[in-house]
Amino acid sequence: MSTKDFIEKDYYKVLGVPKDATEAEIKKAYRKLAREFHPDANKGNAKAEERFKEISEANDVLGDPKKRKEYDEARTLFGNGGFRPGPGAAGGSFNFDLGDLFGGGGGAQSGSFGGGLGDVFGGLFNRGGTGTTRTQPRRGQDIDTEVTLSFTEAIEGATVPLRMTSQQPCKACSGTGDKNGTPRVCPTCVGTGQVARGSGGGFSLTDPCPDCKGRGLIAEHPCLECKGSGRAKSSRTMQVRIPAGVTDGQRIRLRGKGAPGERGGPAGDLYVVVHVGEHPVFGRKGDNLTVTVPVTYPEAALGGEVRVPTLGGPAVTLKLPPGTPNGRTMRARGKGAVRKDGTRGDLLVTVEVSVPKDLSGKARDALEAYREATAGEDPRAELFEAAKGA
């Protein structure tokens with residue numbers, strides 16, 4: 001990504017969120033757009049694929065608090081007409097380094113922009129008017145993919161195979177781009193992959209070299225497989241461990257599992273969006289699992305013990321107190337989903353009084369006797385009194 005792109009791209013607009021959007025709002029907007037424009041849902045649609053890349057790029061920046069802070073600061077400095085040097089810089093070299101401002105001088109920070117803003121703007125300002133730039137390793141691309149898990153796999157965790165396609169060094173030319181394996185250094189950028197673009201005011205911006213496309217090398221005899229780019233599409237299958245307790249729509253980041261870098265640069269990251277199927281018996285509410293258990297009228301009225309199934313474990317026995325109403329929720333502790341700290345949530349058991357469709361003669365006689373014994377009770381009396389007073 002060029003410096004110009006980093007400054008001018010409005011990632012908030014790409015995701016359709018305001019600049020003061022919360023992390024939750026950004027996450028929600030990304031999920032909605034990613035599902036709409038994902039390549040799997042838009043086969044052969046190049047525009048949708050390009051839109052998906054823009055959405056992923058925007059989320060990679062705004063979804064990370066540190067990158068978002070750097071991005072906002074850069075937009076503030078350069079987003080409205082560029083940075084203008086103070087009075088002391090007039091007519092001479094401009095000794096200001098964004099690496100100093102954002103702590104980029106010592107150790108580089110990892111992220112989509114290599115070493116943070118110090119690397120993004122490395123070469124933005126020319127110290128002493130020399131106009132030189134540094135050769136930087138190129139970080140590999142991030143890869144987005146999706147996986148569908150069963151309800152039980154999401155709760156307990158699972159190792160799943162993922163087949164991914166990404167840009168890798170071309171095997172035919174060993175990533176050189178030249179079929180003889182002997183590319184020459186680009187004379188335009190002298191191997192840096194960047195060219196300076198003067199902007200006046202004692203500093204210049206850098207863009208990818210138009211002759212070598214940012215590679216720093218030119219193939220005299222272009223490789224027939226990669227057409228001289230040194231990169232080719234490659235598919236691979238990777239066994240990925242999905243942690244226990246993931247939720248539907250959760251996005252997992254696996255560092256260094258994306259496309260490999262160039263010139264010794266680090267590999268990109270792999271982002272996995274998890275989809276979770278439904279269970280015929282259990283539901284989920286945060287870290288808790290839910291289940292509805294039918295009980296008979298005598299069990300609800302007189303009390304008793306009922307056995308309740310658990311997910312992947314032995315049944316538990318819950319004690320119903322006399323007079324348990326329909327819809328009451330009870331709790332079986334430690335029988336829910338796995339939390340990040342390794343502990344488990346609870347199983348929330350909702351009681352549902354079961355009404356029999358067919359009654360034997362003896363059961364019918366018993367209910368008739370019960371109706372006669374409670375003939376003076378009206379469970380709807382309070383309902384009508386409340387309706388009158390409203």
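## Pro169 in strand β2

Pro169 lies in strand β2 (residues 158-169); strands here are DSSP runs of E with at least two residues, and helices are runs of H or I with at least four residues, both numbered from the N terminus. The model is predicted, so local features require a pLDDT of at least 70 and side-chain atom pairs count only at pLDDT 80 or more, while totals for chains, interfaces and linings use all residues. Residues are numbered from 1 along each chain as its sequence is written, and side-chain values use heavy atoms, with hydrogens and water left out.

Pro169 counts as partly exposed, at 37% relative accessibility; buried means under 20% relative accessible area, exposed means over 50%, and partly exposed lies in between (1.4 Å probe, protein chains only). Residues up to four places away in sequence aside, Pro169 touches Gly175, Gly230, Arg231 and Pro260, where contact means heavy atoms within 4.5 Å. The C-alpha atoms of Pro169 and Lys233 are separated by 8.5 Å, and these residues are 64 residues apart along the chain.

Strands of a sheet pair through backbone hydrogen bonds, in either a parallel or an antiparallel manner. Strand β11 (residues 288-295) runs parallel to strand β15 (residues 347-353), and 7 bridges join them. Leu289 has Leu347 in β15 as its bridge partner, and Thr292 stands opposite Thr350 in β15. Strands β14 and β15 run antiparallel and are joined by 4 bridges; the bridge partner of Met330 in β15 is Val349.

## Asn288

Asn288 is placed in strand β11 and is buried, with a relative accessible area of 17%. A polar atom of the Asn288 side chain lies 2.8 Å from the backbone nitrogen of Asp346. Not counting residues up to four places away in sequence, Asn288 touches Gly283, Arg331, Gly345, Asp346 and Leu348.

## Aromatic pairs and a charge over a ring

The structure holds 3 aromatic pairs; rings of Phe, Tyr and Trp (its six-membered ring) pair if their centres lie within 6.5 Å, and planes under 30 degrees apart count as stacked, over 60 as edge-to-face and the rest as tilted. Tyr11 and Tyr71 form a tilted pair, with 4.9 Å centre to centre and 40° between the planes. Tyr11 lies in helix α2 (residues 11-15) and Tyr71 in helix α5 (residues 65-78), so the pair ties together parts that are 60 residues apart in sequence. Both Tyr11 and Tyr71 are buried. Tyr297 and Tyr370 form an edge-to-face pair, at 6.1 Å centre to centre and 65° between the planes. This pair links distant parts of the chain, 73 residues apart, with Tyr297 in helix α9 (residues 297-302) and Tyr370 in helix α10 (residues 361-373). Tyr297 is partly exposed, with a relative accessible area of 42%, and Tyr370 is partly exposed at 41%.

One aromatic cluster is formed by Tyr11, Tyr12 and Tyr71. Elsewhere, Arg51 lies over the face of Phe37, at 5.3 Å from the ring centre; a charge sits over a ring if NZ of Lys or CZ of Arg is within 6 Å of the ring centre and within 35 degrees of the ring normal.

How values were computed: Pairing = 2+ DSSP bridges. Polar contact = N/O pair within 3.5 Å; in protein donor to acceptor, adjacent residues only side chain to side chain.
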